[in-house]
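Please keep the sequence and the structure in view while reading.

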Amino acid sequence: MHIDWSGIDHVTKVDPAKPLPPDPAILEATDLVMIGGSDDVTAENTLETIEAVRDAVPELAVCQEPYEADHVTMDTVDTVDFLAIPAVYNGDRDHFVGKHLAMFAELAATPSSVLGSSIPVVGNVIESKGEAAVAEVAEKIVGEGYVIQHLDSAAAETAGATERFSTEQVAGAALATEAFYHFPIFYVEYSGTYGGPADVAAAATHLEETVLLYGGGIDSRAKAEEILAAGADAIVVGDVFHDDPDGFLETVPE
C-alpha cells in the first residue's frame, strides 16, 4: 500500500487501554494517529478508540499498529487507513517473523463463507468471502522495521527485546529496512524515555524512500524539533496525549 507521508511530521500514538482526553478534538493538531498498545488492549477497545478518533476528527488519517493478532478484526481493518505491523529487530522470533508468517498463513487459507465482521482476521482461521476479502486486508498491511531501545518498557517485555542496539546497529537496521526488507517505515522507539538525536541521525543516513519515525519522551517542541532536525521524518508522541493535553499541543512543531 502506498502511503503519502508528505506533510506528516507529527504522529500521535493512542493507547486503546487508556482514556482519551476530555476533548479528543485536540488531535486536529496532529497529522496521523497510530492506535495500539501492549497492555490490556482488545479488539473491542481498539475499535471503540478508532471510532472515537474518527468521530472527533473525521479527516484525520488513522493507522492501527497491533501488538497481537486478536487486536485485528474485519471491523478494525475496514475503519483504518492502513495497518502497520512491527518487525522488531531486537525482539524475539515471534515478534520479528513468527507472528507475521502465522498471520499470512491464516489469510491464505481463504475459507469459503463469512461468519461475521467480529471474527478475528488472525489467530483463528476465519470464514471470508475468499480472495477478494483477503486481498482487501493484505492491501492495507505495511511492514514496519522496529527497534526498541528502552528495555524496561512494556513494549520491550511484550516483544522479548533484551538487547539495546548500538548506534551502529540502529544504522544497520535502517539500511536493512529499506535495502533488503523494503518496508516503508523504520521506527526507533524509546517508549517513554528521551533517547536524543544520535540514533535518528545514524538511521537517517541510510534512508531515502523509507520513512523514519522516532518515538519516546517527546514532551516539548524543543525535543520534537531536535529529533526532526536530526533527520526523522516524523516524531511520535503518546503518553503526553493521554496525560497532559496542554503539553501535547506543545509537542507540535511550528
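Two strands are said to pair if DSSP finds at least two bridges between them. In this sense valine 11 stands opposite valine 236, a residue of strand β8. The model under discussion is a predicted one.

The whole chain may be considered before its parts. Ten helices and eight strands make up its secondary structure. Of the 254 residues in the chain, 51% are buried. The chain exposes about 11,100 Å², and 51% of this area is supplied by carbon and sulfur atoms. Among contacts between residues at least 6 apart in sequence, 65% join residues at least 24 apart.

How are the eight strands arranged? They close into a barrel, in the order β1-β2-β3-β4-β5-β6-β7-β8, and the pairing is parallel. From one strand to the next, the twist averages 30°. Helix α1, formed by residues 43-56, packs on the sheet and touches β1, β2 and β3. The direction of helix α1 makes about 165° with that of β2.

With strand β2 (residues 32-35), β1 pairs in the parallel sense over four bridges. With strand β8 (residues 234-237), β1 again pairs in the parallel sense, over three bridges. Threonine 12 has a bridge partner in each of these strands: valine 33 in β2 and valine 237 in β8.

The aromatic residues complete the picture. A pair of aromatic rings is described by the distance of the centres and the angle of the planes. Rings count as a pair if their centres lie within 6.5 Å, and by this rule the count comes to ten aromatic pairs. Why is the pair of tyrosine 181 and phenylalanine 183 described as stacked? The centres of these two rings are 5.5 Å apart and their planes stand at 15°; planes under 30 degrees apart count as stacked, so the pair is stacked. Tyrosine 181 is partly exposed, with a relative accessible area of 32%, whereas phenylalanine 183, with 18%, is buried.

A second pair is formed by tyrosine 190 and tyrosine 214, whose ring centres are 5.9 Å apart and whose planes are at 35°, so this pair is tilted. The pair links distant parts of the chain, 24 residues apart: tyrosine 190 belongs to the loop between β6 and α7, and tyrosine 214 belongs to strand β7. Buried means under 20% relative accessible area. Tyrosine 190 therefore counts as buried at 3% relative accessibility, and tyrosine 214 counts as buried at 0%.

Finally, Tyr89, Phe96, Phe180, Tyr181, Phe183 and Phe186 form one aromatic cluster.

Key: Residues numbered from 1 in each chain as written. Predicted model: local features only at pLDDT ≥ 70, side-chain atom pairs only at ≥ 80, totals over all residues. Heavy atoms only, no water. Helix = DSSP H or I, 4+ residues; strand = E, 2+ residues; numbered from the N terminus. Buried < 20%, exposed > 50% of the residue type's maximum accessible area, 1.4 Å probe, protein only. Contact = heavy atoms within 4.5 Å. Areas by Shrake-Rupley, 256 points an atom, 1.4 Å probe, with all protein chains shown as cover. Axes fitted to C-alpha atoms, helices over the stretch in contact; angles between N-to-C directions. Phe/Tyr/Trp six-rings, centres within 6.5 Å; stacked < 30°, edge-to-face > 60°.
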